[in-house]
Amino acid sequence: MSAYEVVDAHYVEEHIGKMPLVDVRPTLRFDTGHIPTAVNIRLDVAQMTDDAGAELAEMFQDHGIGQHDAAIVYCQCGPHAKMACELLAEQGYDQLRLYQGSMDDWIKDPARPVETAGESFVK
């Protein structure tokens, strides 16, 4: 059994505001457009350290997301979010949800809301 569950856009829509959403992309991508309520916890920053998993776990904890807390993780198209989930699973995280399609999937439906740095809109 995987330490994380793969979820789709419908699941994400149902859990906005009820479960932490974590965008692991670089800040510029996040600021350009992200799923509402998401926090930006950068995988690339964690990867610049000697222990990316421990650093990422510390960053999650700094945002109040502990090892046994449910959270949805996404990136631009999926692979980086998967990598983040795998690194965190090695650190004992066991309630993560991987939004496999990530932003590329999210923006396929123009009715889904997107936030940018400082504002929210529907495309």
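Buried means under 20% relative accessible area, exposed means over 50%, and partly exposed is in between, with a 1.4 Å probe and protein chains only. By this count tyrosine 93 is buried, with a relative accessible area of 1%. The model is predicted: local features need pLDDT of at least 70 and side-chain atom pairs count only at pLDDT 80 or more, while totals for chains, interfaces and linings use all residues. Residues are numbered from 1 along each chain as its sequence is written, and side-chain values use heavy atoms, with hydrogens and water left out.

**Figure 1. Overall view of the protein.** The protein has six helices and seven strands, where helices (H or I, at least four residues) and strands (E, at least two) are DSSP runs numbered from the N terminus. Their order along the sequence is β-α-β-α-β-α-α-β-α-β-α-β-β. The radius of gyration is 13 Å, close to the 14 Å that the globule rule gives for 123 residues, so the protein is as compact as a globular protein of that length. This radius is taken over C-alpha atoms, and the globule rule is 2.2 Å times the number of residues to the power 0.38. The C-alpha trace spans about 40 × 30 × 25 Å along its principal axes. Of the 123 residues, 43% are buried. With contact meaning heavy atoms within 4.5 Å, 62% of the contacts between residues at least 6 apart in sequence join residues at least 24 apart. The accessible surface comes to about 6,300 Å², and 51% of this surface belongs to carbon and sulfur atoms. Accessible areas come from the Shrake-Rupley method with a 1.4 Å probe; for residues, only the protein chains shown count as cover.

**Figure 2. The aromatic pair of phenylalanine 60 and tyrosine 93.** A search of the whole structure finds two aromatic pairs. The ring centres of phenylalanine 60 and tyrosine 93 are 5.9 Å apart and the planes stand at 75°, so this pair is edge-to-face. Rings of Phe, Tyr and Trp (its six-membered ring) pair if their centres lie within 6.5 Å; planes under 30 degrees apart count as stacked, over 60 as edge-to-face and the rest as tilted. Phenylalanine 60 belongs to helix 4 (residues 52–62) and tyrosine 93 to the loop between helix 5 (79–90) and strand 5 (96–99), so the pair ties together parts that are 33 residues apart in sequence. Phenylalanine 60 is buried, at a relative accessible area of 0%.

**Figure 3. Tyrosine 99, tryptophan 106 and the charge of arginine 112.** Tyrosine 99 and tryptophan 106 form an edge-to-face aromatic pair, with 6.4 Å from centre to centre and 80° between the planes. Tyrosine 99 is buried at 1% relative accessibility, and tryptophan 106 is buried at 0%. The charged end of arginine 112 sits over the ring of tryptophan 106, 5.3 Å from the ring centre. A charge sits over a ring if NZ of Lys or CZ of Arg is within 6 Å of the ring centre and within 35 degrees of the ring normal.

**Figure 4. The salt bridge between arginine 112 and glutamate 13.** The structure holds five salt bridges, each a side-chain nitrogen of Lys or Arg within 4 Å of a carboxyl oxygen of Asp or Glu. One of them joins arginine 112 to glutamate 13, at 3.5 Å from N to O. Arginine 112 lies in the loop between helix 6 and strand 6 (113–116) and glutamate 13 in helix 1 (residues 9–15), so this pair ties together parts that are 99 residues apart in sequence. Arginine 112 is buried at 13% relative accessibility, whereas glutamate 13 is partly exposed at 36%.

Figure 5. Arginine 25 is buried at 5% relative accessibility, and aspartate 23 is buried at 0%. Arginine 42 is partly exposed at 25% relative accessibility, and aspartate 44 is partly exposed at 25%.

**Figure 6. Positive phi at threonine 37 and serine 102.** Most residues other than glycine have a negative phi. Threonine 37 has a positive phi of about 80° and is found in the loop between helix 2 (27–32) and strand 3 (39–40). Threonine 37 is partly exposed, at 42% relative accessibility. Serine 102 has a positive phi near 50° and is placed in helix 6 (residues 102–106). Serine 102 is buried, with a relative accessible area of 0%.
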